[in-house]
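Colleague: I have not seen this structure before. Could we go through it by question and answer?

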Amino acid sequence: MNDIENRQDLEILLSKFYSKLLSDETISYIFTNIAKIDLELHLPKIIDFWNLSLFGNGDYSNNVMKIHLDLNAEEKLNESHFKTWLNHFYIAVDENFSGKNAEIIKTKALSIATVMQIKMYKTT
């Protein structure tokens, strides 16, 4: 199995991840009913985020924390939501990639989820 090496690999990873996430009724409603994401528009932005985060490439400039704090104001995101999100992320990575960057992206995902939870619970 190959490592995550470029934007195209991130496209594969994140397509698989969102397929899993949106098939899980315990969390999919947050994306479909609350955030009302249009996956066709959302996916390139998320790919941009991870491309910048993992490879330092691109020009992602949205405030990820504010986006999630606003979402949390509409629907309280709890520990279970974050665990489900991370679980699907880890599975998508492990089913499709192996190597240094695969491990780094999982660590970054955990770090982001942890910081978000701390900030969300601190503001509620």
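Colleague: Are Phe49 and Trp50 buried or exposed?
Modeller: The model is a predicted one. Buried means under 20% relative accessible area. By that cut-off, Phe49 and Trp50 are both buried.

Colleague: Which secondary structure elements does the chain have, and in what pattern?
Modeller: The chain has 0 strands and 6 helices. Read along the sequence, the pattern is therefore α-α-α-α-α-α.

Colleague: What radius of gyration does the chain have, against that of a compact globule?
Modeller: For 124 residues, a compact globule would have a radius of gyration near 14 Å. The chain agrees with this, as its own value is 14 Å.

Colleague: How many aromatic pairs are there?
Modeller: Rings pair if their centres lie within 6.5 Å. By this rule the count is 8.

Colleague: How many residues apart in sequence are the parts that the pair of Phe17 and Trp85 ties together?
Modeller: Phe17 and Trp85 form an edge-to-face pair, 5.6 Å centre to centre with 85 degrees between the planes. Phe17 lies in helix H1 (residues 7–22), and Trp85 lies in helix H5 (residues 79–96). The pair therefore ties together parts whose separation in sequence is 68 residues.

Colleague: What is the relative accessible area of Phe17, and what is that of Trp85?
Modeller: Buried means under 20%. Both residues fall in that class, because Phe17 has 1% and Trp85 has 18%.

Colleague: Which residues do ring pairs link into a cluster?
Modeller: Phe49 and Trp50 form an edge-to-face pair, 5.2 Å centre to centre. The cluster linked by ring pairs consists of Phe17, Tyr18, Phe31, Phe49, Trp50, Tyr60, Trp85 and Phe89.

Note on methods. Residues numbered from 1 in each chain as written. Predicted model: local features only at pLDDT ≥ 70, side-chain atom pairs only at ≥ 80, totals over all residues. Heavy atoms only, no water. Helix = DSSP H or I, 4+ residues; strand = E, 2+ residues; numbered from the N terminus. Rg over C-alpha atoms; globule rule 2.2 N^0.38 Å. Phe/Tyr/Trp six-rings, centres within 6.5 Å; stacked < 30°, edge-to-face > 60°. Buried < 20%, exposed > 50% of the residue type's maximum accessible area, 1.4 Å probe, protein only.
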